[in-house]
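I opened my notebook for a slow walk through this one, jotting things down as I looked them up. Have the viewer ready and follow along.

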Amino acid sequence: MQNQTMEIELPVVIVGAGPAGLATSACLNKFSIPNIILEKDDCHASLWRKRAYDRLKLHLAKEFCNLPHMPFSSDLPKFVPRVDFLRYLDEYVINFNIAIRYNRYVNNASFDVNCGKWRVTVTDNTSNADETYLADHLVVATGENCDAYIPMINGLENFEGEYLHCNKYLNGRPWYDKNVLVVGSGNSGMEIAYDLFTWGANTSMVIRSPVHYFTKEMVYVGMSLVKYISIDKVDKLLLIMSKLMYGDLSKYGLVRPKEGPFARKFSGAGRSPTIDVGCIKWIKKGKVKVYPGIASIKKGKIVEFEDGRSGEFDVIIFATGYRTNVQKWLKDYKELFNEDGFPKQCFPNHWKGRNKIYCAGFSKNGLQGIAYDAQKIAADINFAINGRKPRAAAEATDAQIKLLDE
């Protein structure tokens, strides 16, 4: 006998139980609007819980990273470690009575013009049963960091060493005295390279693009000042601090962009400066080598670089980021998203599309952007359902947009 598909009707369905999904659900619960989160994994915040390295901390100070309605404890350090951030999220789920259905793989979501609702078809991975959710409002909260991305490199399939994405990296213990190449110059790449070196690996990096490098303390100064003075002035100050701290980095293969760090961040490209946790010191001393882009991988373990140099490596770690996956399951993604899986509109108008679809966590503004999205979405849905927009919610989102715009 064929199993009958369970059909559940709700005002709001949220896809994804990362920080964006949790924040949106909490804000909706403050308005007493029924909602449910569908999560494909067996836990919330699975990226932080299962696919992050041991030494990871929040790269921004905690006052820029709390989710709505729940500041971090004053007992926590300024830069919150991963384990403490997970405890914070666990408490957040309990405190706001967030309803999550785990092990729910969303196969398809589309807008049903006949009933004017979003139809979300789901498979329960534990029982293999199918479920259908009908929602007046759909919130896409799967975020920017969904599917691990490894670039196509000529010869990679024949590499005789080991290669992996950084979401499988925990620490450098397994690679003591091994030749390890880290591809990527973002926060993960720089921190993993530093971690590998401290564990005794012979560490090299591929850095292709111009990047700004600052300490966490420098970025904290910038984030604090940008509320009061122009981005141009903050950028000039940060560049002076960086040059005094590091000197001319171009001779080590590290090139600064022409555009200032905050101007670059908020220009639409969304590229944040890289936080240096100690790696640049070892780059300048020649202990961590820097190469340009990879040209190809030859027989065995030989990697050839774009400048003609080559090296033999036991391991390649790709800190090359993630891709969104909304196009895979959201049939009517064009109501809100481009072909690349990001919103059509730039911040601050990115969070809402046609037919009552929303997105949280796609603004390229980290946890601060997530808090902004969640409050805007919840206030808009509350207005649609109850016909009123609470002043407190409007003031909170207006304050955040001012901070992110400045």
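**Entry 1: the overall chain**

How many helices and strands are there in the chain? I find 11 helices and 19 strands, taking DSSP runs numbered from the N terminus, with H or I runs of at least four residues as helices and E runs of at least two as strands. A note to myself before going on: this is a predicted model, so local features need pLDDT of at least 70 and side-chain atom pairs count only at pLDDT 80 or more, while totals for chains, interfaces and linings use all residues. Residues are numbered from 1 along each chain as its sequence is written, and side-chain values use heavy atoms, with hydrogens and water left out.

I checked the radius of gyration next, over C-alpha atoms, against the globule rule of 2.2 Å times the number of residues to the power 0.38. For 406 residues a compact globule would have a radius near 22 Å, and the chain agrees with its 22 Å. Along the principal axes, the C-alpha atoms fill a box of roughly 65 × 60 × 40 Å.

Buried residues account for 54% of the 406; buried is under 20% relative accessible area, exposed is over 50%, and partly exposed is in between (1.4 Å probe, protein chains only). I also looked at contacts, meaning heavy atoms within 4.5 Å. Of those between residues at least 6 apart in sequence, 64% join residues at least 24 apart.

**Entry 2: the nonpolar cores**

Which residues touch the most other members of the largest nonpolar core? They are Tyr-92 and Ile-317, in a core of 73 residues. Here a core is a set of buried Ala, Val, Leu, Ile, Met, Phe, Trp, Tyr and Cys residues joined through side-chain atoms within 4.5 Å. Elements that each give at least two residues to this core include β1 (6-15), α3 (82-95), β17 (315-318) and α10 (366-386). The largest share, seven residues, is from α10. I noted a separate core of 26 residues as well, with Val-15, Ala-109, Val-120 and Val-326 among them.

I then listed the partners of Tyr-92 beyond four places in sequence: Leu-22, Ala-23, Ala-26, Leu-67, Pro-68, Met-70 and Ile-98.

Why do I call α10 largely enclosed by the rest of the structure? Because 16 of its 21 residues are buried. I tested its length too, the expected span being 1.5 Å times one less than the number of residues. For α10 that gives 30 Å, and its end C-alpha atoms are 30 Å apart, which agrees. Gly-387 follows α10 and has a positive phi, near 70°.

α1 is also largely enclosed, since 10 of its 12 residues are buried; Leu-22, Ala-23 and Ala-26 are among them. Its 12 residues should span 16 Å, and the end C-alpha atoms agree at 17 Å apart. Just after α1, I see Ser-32 with a positive phi of about 60°.

**Entry 3: Glu-131**

Is Glu-131 buried or exposed? Glu-131 is buried, at 6% relative accessible area, and sits in strand β6 (residues 129-140). I looked for polar contacts (N or O pairs within 3.5 Å; within protein, one atom must be able to donate a hydrogen and the other to accept it, and residues adjacent in sequence count only if both atoms are side-chain atoms). The Glu-131 side chain has one with the side chain of Arg-104 at 2.9 Å and another with that of Tyr-133 at 2.7 Å. Among the residues Glu-131 touches beyond four places in sequence are Thr-5, Arg-101, Val-120 and Asp-124.

**Entry 4: loops and backbone**

Cys-43 lies in the loop between β2 (35-38) and α2 (46-50) and is buried, with a relative accessible area of 10%. Its contacts beyond four places in sequence are Arg-49, Lys-50 and Tyr-102.

Which residues are joined by a cis peptide bond? I found one between Phe-347 and Pro-348, with omega about 10°. Pro-348 is in the loop between α9 (326-329) and β19 (357-359).

Last, I noted two positive phi values outside glycine. Asn-128 has phi near 65°, lies between β5 (117-124) and β6, and is exposed at 61%. Asp-177 has a phi of about 65°, lies in the loop between β8 (162-165) and β9, and is exposed at 52%.
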